[in-house]
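Please read it alongside the sequence and the structure shown here.

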Amino acid sequence: MEAIAQQLEEHIRAQYEIDPDDDEFTRDVHLFDYGFIDSLGATALIAHIEKTYGIQVTNQDLMLYPLNTVNEIATFIETKKAG
Amino acid sequence: MECIVSLGQLAPSQYGQLKYAAAFADEHIDEIVIDEEAQTIRIVHHSPDGNAKIEERVQRLAERFSKGDFGFKEQVLFENAGPKPYSGDIIAELVDNKTMKVLEPGLFIFREPFSSLMRFMDYMFVNKVARAFDVKEESYPAVIHCDTLNKTNHFTSFPEHIHFLTHLREDLDVIEGFSQSIREAGGWQQEAPLSLDETMPKPKFAMNPSTCYHCYEGLQDETLEGDGLVVTAISKCHRFESRNHTDFGRMLDFSMREIIFVGKPDFVKENRLKSIELLKQLAEEWEVDSRLEIANDPFFTNDFQVKASFQRNQEMKYELRLTIPYLDKSIACSSVNFHSNTFGNAFNIKVGKRSAVTGCVGFGIERWVFAFLSQYGLDEAAWPERFREQYAAWLDKSI
């Protein structure tokens with residue numbers, strides 16, 4: 001999971017222009033509540049995850065899994081890939 | 001003519017959304033009826049193209065609402081059971097006693113006591129809710145730049161609602177020609193053709209669809225001090241909702257008071273939570289039969305399901321719905337929203353090094369009055385004691 005979390009963190013930092021000095025950004029911060037990603041950004045992030053990891057993120061997944069932090073998303077990707 | 005489209009692919013919870021959206025499918029539609037038992041939607045129309053085009057469009061909309069549907073996240077944050085002593089048809093009563101004049105569906109003139117109740121309730125929303133924060137009052141135009149609406153994604157999320165605003169070209173021949181054509185026709189003829197491209201420029205403005213957009217436009221390129229700021233404003237808002245304006249409370253032109261939070265995430269989230277508590281206290285104090293629940297906006301786009309699911313899962317929107325006893329339904333009178341950094345990014349509003357996040361609480365003033373009167377009627381003696389006292393005290397001070 002560490003590798004996926006690392007890749008995700010790098011992607012989010014680059015794609016959503018997060019300041020390297022921003023100490024509020026961690027792998028456990030709620031990305032939406034803390035204003036790192038908005039609803040459009042979330043849609044783009046889902047498309048990136050589907051393309052990069054070859055999985056499909058369904059509406060049901062969005063409801064069943066907590067997908068609010070880098071670590072939660074990484075765990076979800078690992079679960080889907082294994083399933 | 002009429003055509004019937006099967007709703008087999010839709011969950012019954014989506015029927016209302018489809019009926020609402022179907023009104024925008026074709027301008028020749030006269031009536032839309034859902035038959036829940038038969039799982040069909042019946043469209044009565046006078047389209048010169050027959051049934052095929054309308055059927056295809058309604059099916060396309062049904063597909064939009066069914067795509068990936070597995071049920072939405074639902075949650076009620078609080079419920080307040082009110083006594084609802086009145087159960088009559090409040091609209092009929094308001095029209096009969098000339099308190100309300102219907103200009104056309106969704107467009108009204110209000111007279112006393114409706115007009116006083118609107119001012120009273122707005123006063124109370126400011127004093128009971130807005131002033132619980134360190135709030136600054138702003139005043140906004142009734143029109144908004146199309147460029148501003150573009151930044152808010154309004155054109156892509158709610159294109160069907162927009163009321164564009166334009167004027168005759170600054171061209172003496174066009175102005176005189178228009179004036180002459182009106183004289184010759186014996187006055188404005190709604191059905192007479194008008195060449196818009198020749199006589200009017202592309203709209204630069206639209207009517208304001210929502211109060212808070214001006215707040216973000218006003219803060220464009222600013223860096224906020226401290227944790228953020230709280231602003232309140234009331235403005236006239238306009239939304240074109242086609243034949244849905246015949247539904248109770250769906251107005252073409254209405255007044256919306258908003259309390260807007262802009263700043264750091266914790267500042268906005270804490271204030272949003274506080275506003276929910278204040279809303280609950282108000283509902284209890286006024287004894288209105290109501291509930292606050294998770295909601296979604298009626299996005300008019302093919303990715304409706306994704307946007308609506310995301311909005312609900314993240315609990316971005318709560319609606320305070322007040323019961324309308326004689327219709328056995330409820331209408332949303334207030335909403336409590338969280339937008340994350342959408343508007344902070346769109347308008348380059350910073351707090352520290354980061355884009356600000358935003359949230360807002362909205363009060364549909366006419367809807368509040370409609371809903372209150374539908375539960376309590378026009379006889380003040382039947383109104384809740386606290387409400388009656390507050391209204392009397394306000395009347396004493398008001399002009």
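Predicted model: local features only at pLDDT ≥ 70, side-chain atom pairs only at ≥ 80, totals over all residues.

The side chains of B:D297 and B:K317 form a salt bridge, with 3.1 Å from N to O. Because B:D297 sits in the loop between β14 (290-294) and α11 of chain B, while B:K317 belongs to strand β15 (residues 317-324) of chain B, the pair ties together parts that are 20 residues apart in sequence.

## Salt bridges in chain A

Over all chains, the count comes to 29 salt bridges. One of them links A:E9 to A:R13, whose closest N and O atoms are 3.1 Å apart. These two residues are four apart in helix α1 (residues 2-15) of chain A, which means that about one helical turn separates them. An α-helix has 3.6 residues a turn, so residues three or four places apart point the same way.

A:E9 is buried, with a relative accessible area of 16%, whereas A:R13, at 24%, counts as partly exposed.

## The contact between chains A and B

Chain B contributes 25 residues to the contact and chain A contributes 21 residues. The area buried between the two chains is about 2,000 Å², and carbon and sulfur atoms give 54% of that area. Between chain B and chain A there are 12 residue pairs in polar contact, both residues being at pLDDT 80 or more. On the side of chain B that touches chain A, the elements giving two or more residues are α10 (265-285), α11 (304-313) and β16 (329-340) of chain B. Of these, α11(B) gives the most, with five residues, and by class this side of chain B has eight nonpolar, 11 polar and six charged residues.

Five salt bridges are counted between chain B and chain A. One of these joins the side chains of A:D33 and B:K269, at 3.7 Å from N to O. The pair crosses between chains, from A:D33 in the loop between α1 and α2 (39-53) of chain A to B:K269 in helix α10 of chain B. A:D33 counts as buried at 18% relative accessibility, while B:K269 is partly exposed, with a relative accessible area of 22%.

## An open sheet in chain B

Three strands of chain B form an open sheet in the order β8-β10-β9, with antiparallel pairing. Since β8 (143-145) and β9 (164-165) stand at the edges and have a single partner strand each, one side of each is left without a neighbour in the sheet. Three bridges join β8(B) to the antiparallel strand β10 (residues 205-207) of chain B, and B:I144 has B:A206 as its bridge partner in β10(B).

## Local packing in chain B

In helix α1 (residues 15-22) of chain B, the buried residues are B:Y15, B:L18, B:Y20, B:A21 and B:A22. The buried residues of α1(B) pack against β2 (29-35), β3 (40-45) and α2 (51-66) of chain B.

B:S355, in strand β18 (residues 354-355) of chain B, is buried, with a relative accessible area of 14%. Its side chain makes a polar contact of 2.6 Å with the side chain of B:N345. By contrast, B:D197, in helix α8 (residues 196-199) of chain B, counts as exposed at 67% relative accessibility.

Definitions and conventions: Residues numbered from 1 in each chain as written. Chains lettered and ligands numbered in written order. Heavy atoms only, no water. Pairing = 2+ DSSP bridges. Buried < 20%, exposed > 50% of the residue type's maximum accessible area, 1.4 Å probe, protein only. Contact = heavy atoms within 4.5 Å. Buried area = accessible area lost by both parts, 1.4 Å probe. Salt bridge = Lys/Arg side-chain N within 4 Å of Asp/Glu carboxyl O. Polar contact = N/O pair within 3.5 Å; in protein donor to acceptor, adjacent residues only side chain to side chain. Nonpolar A, V, L, I, M, F, W, Y, C, P; charged D, E, K, R; others polar.
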